[in-house]
Amino acid sequence: REKDMLFYDKDALDRKYLDYQSQFQRISLVVRLLSTLEYWVFALLWLFLFTVAVIIYTVIGNSIFFHRQEIEIIELVGWRSSFIYWPFLLQGWFYGLISALCALIILILVSTFTPVEFIDGPLAHLHDDLHNSLSNMFFIELSVFFFLGIISSFIALRRYVKV
């Protein structure tokens, strides 16, 4: 311990903290890390949306497989393809609605039961902004999930129904 006190160089330490070049390098490193983190968050968001679309596609595909005899009868009778497409498109729309409602409920539960100690400080304004924009976020989320549900249903119908 005493040996460390002998080799303590206060000027070198002060120069390290006052050197603007070293501070600039540290700040630029943090900026690069944050921008990389932003790209990864967007990649995870797209992966999440793709996963939701695949799940809805699989559910609608299973439903089409389950109702294949009714679909064949509708095709044999000669009815229009809208009698086949509309129920499955509405089913995909309904799954999108349920997904959006589940995501909203989870968001409300997380924001409600987050400890107050975590909210105070630098994240306090985020909690208030979240509650103020909850209705707008829900409509955006609802439209995205509706779109995913209908597109996934349409792709599943085009693949499995030969009308």
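Mentor: A residue counts as exposed when its relative accessible area is over 50%, as buried when it is under 20%, and as partly exposed in between, using a 1.4 Å probe and protein chains only. The model is predicted: local features need pLDDT of at least 70 and side-chain atom pairs 80 or more, while totals for chains, interfaces and linings use all residues. Residues are numbered from 1 along each chain as its sequence is written, and side-chain values use heavy atoms, leaving out hydrogens and water.

Trainee: Why is Phe139 called exposed?

Mentor: Its relative accessible area is 55%, and the class begins over 50%, so Phe139 is exposed.

Trainee: What makes the pair of Phe138 and Phe139 tilted?

Mentor: Rings of Phe, Tyr and Trp (its six-membered ring) pair if their centres lie within 6.5 Å; planes under 30 degrees apart are stacked, over 60 edge-to-face, and the rest tilted. Here the centres are 5.9 Å apart and the planes stand at 55 degrees, so the pair is tilted. Phe138 is buried, because its relative accessibility is 16%.

Trainee: How many aromatic pairs does a search of the whole structure find?

Mentor: It finds four. One of them joins Phe48 and Phe145, with 6.4 Å between centres and 85 degrees between planes, which is edge-to-face. This pair links distant parts of the chain, 97 residues apart: Phe48 is in helix α3 (residues 20–66) and Phe145 in helix α8 (residues 134–160). Helices are DSSP runs of H or I, at least four residues long, numbered from the N terminus.

Trainee: Why is Ser153 called buried?

Mentor: Its relative accessible area is 0%, so Ser153 is buried. Ser153 lies in α8 and, neighbours within four places in sequence aside, contacts (heavy atoms within 4.5 Å) Ile56, Ile60, Phe88, Leu89 and Gly92. Phe88, Leu89 and Gly92 are among the buried residues of α5.

Trainee: At what angle do the axes of α5 and α8 cross?

Mentor: They cross at roughly 145 degrees and come within 7 Å; axes are lines fitted to C-alpha atoms over the stretch in contact, with angles from 0 to 180 degrees between N-to-C directions.

Definitions and conventions. Helix = DSSP H or I, 4+ residues; strand = E, 2+ residues; numbered from the N terminus.
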